[in-house]
Amino acid sequence: MTGPPAQPERPASALYGAGNGVAPPNLADASLVAELGKNALLKPDLRRILDEAVNLVRQRIRVDMVKVLELAPGREGLLLTAGVGWPAGYVGQVVVPLITESQAGYTLQHGASVVVEDLKNETRFRGMPLLHDNGAVSGISTIIRGHSGDHGIISAHTVSKRQFT
């Protein structure tokens with residue numbers, strides 16, 4: 001299966017600037033990372049850390065839904081292992097196929113954060129029913145890396161159009 005055409009590589013400085021919808025990291029980003037790191041040291045239970053992470057992300061960047069998708073053994077899919085803003089019963093039950101037509105699959109394939117301003121008009125991938133059925137319009141996703149490689153994805157979504165800056 002082939003994915004969408006590869007995007008040309010750009011220097012990191014090209015990621016930030018007027019008109020591209022991505023703001024450079026700031027002190028608020030640093031404080032979020034510091035808080036997550038502190039919690040990880042104080043509470044080494046991975047499930048608790050992930051639950052706290054999705055709640056912190058939701059509060060700090062003011063989104064409707066946040067999820068952690070963990071790579072299943074053998075990379076057979078992505079299990080929704082932590083989430084906030086999703087219907088009851090989704091966490092621990094929903095599996096997203098690991099395909100490039102999903103935002104998560106596209107994020108993993110391209111190895112970088114992905115920003116979506118309008119999922120219905122997105123051309124790089126189509127998005128999965130998990131997003132469409134729950135009214136996701138805009139979103140951002142990034143890879144969670146571990147010592148042995150990619151662990152999964154964390155993503156945040158809104159139900160109204162938004163630029164992540």
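**A predicted chain, part by part**

A: Helix H3 is followed by Gly111, whose phi angle is positive, near 65°; helices here are DSSP runs of H or I with at least four residues, strands are runs of E with at least two, and both are numbered from the N terminus. Please bear in mind that this is a predicted model, in which local features need pLDDT of at least 70 and side-chain atom pairs count only at pLDDT 80 or more, while totals for chains, interfaces and linings use all residues. Residues are numbered from 1 along each chain as its sequence is written, and side-chain values use heavy atoms, with hydrogens and water left out.

Q: OK, and how many helices and strands are in the chain?
A: The chain has four helices and six strands, and from the N terminus on they come in the order α-α-β-β-β-α-β-α-β-β.

Q: In what order do the strands sit in the sheet?
A: The six strands make an open sheet in the order E3-E2-E1-E6-E5-E4, with antiparallel pairing. Strand E3 (95–96) and strand E4 stand at the edges with a single partner strand each, so one side of each has no neighbour in the sheet. Two strands count as paired if DSSP finds at least two bridges between them.

Q: How many bridges join E1 to E6?
A: Six bridges join E1 (residues 65–71) to E6 (residues 149–158), and these two strands run antiparallel. Lys67, for example, has Ser155 in E6 as its bridge partner.

Q: And what about E5, how many bridges with E6?
A: E5 and E6 pair over nine bridges in the antiparallel sense, with Gly139 standing opposite His157 in E6, and a hairpin of two residues joins E5 to E6. E4 pairs with E5 as well, again antiparallel and over three bridges, and there Val115 stands opposite Ile140 in E5.

Q: Which strands does H2 lie across?
A: Helix H2 (residues 46–61) lies across E1, strand E2 (78–84) and E6. H3 packs on the sheet as well, touching E1, E2, E4, strand E5 (138–146) and E6.

Q: Back to H3, then: is it mostly covered or mostly open?
A: H3 is mostly covered, since six of its eight residues are buried, where buried means under 20% relative accessible area, exposed means over 50%, and partly exposed lies in between (1.4 Å probe, protein chains only). The buried residues are Gln103, Ala104, Gly105, Tyr106, Thr107 and Leu108. What covers them includes E1, E2, E4, H4, E5 and E6.

Q: Is Ser102 buried or exposed?
A: Ser102, in the loop between E3 and H3, is buried, with a relative accessible area of 1%. Leaving aside neighbours within four places in sequence, Ser102 is in contact, meaning heavy atoms within 4.5 Å, with Val96, Pro97, Phe125 and Met128.

Q: New topic: how many aromatic pairs are there?
A: Rings of Phe, Tyr and Trp (its six-membered ring) pair if their centres lie within 6.5 Å, and planes under 30 degrees apart count as stacked, over 60 as edge-to-face and the rest as tilted. By this rule the count comes to one aromatic pair. Tyr106 and Phe125 form this tilted pair, at 5.2 Å centre to centre and with 45° between the planes. Tyr106 lies in helix H3 (residues 103–110) and Phe125 in the loop between strand E4 (114–116) and helix H4 (129–132), so the pair ties together parts that are 19 residues apart in sequence.

Q: Are those two buried or exposed?
A: Tyr106 counts as buried at 3% relative accessibility, and Phe125 is buried too, with a relative accessible area of 4%.

Q: Let's jump to Thr158; where is its place?
A: Thr158 has its place in strand E6 and counts as buried, at 4% relative accessibility. The C-alpha atoms of Thr158 and Met65 are separated by 6.5 Å, although these residues are 93 apart along the chain. Neighbours within four places in sequence aside, Thr158 is in contact with Arg62, Val63, Asp64, Gly135, Ala136, Val137, Ser138 and Phe164.

Q: And for the whole chain, what share of residues counts as buried?
A: Of the 165 residues, 35% count as buried. Among contacts in the chain with a separation of 6 or more, 51% are between residues 24 or more positions apart.

How values were computed:
Axes are lines fitted to C-alpha atoms, for helices over the stretch in contact, and angles run from 0 to 180 degrees between N-to-C directions.
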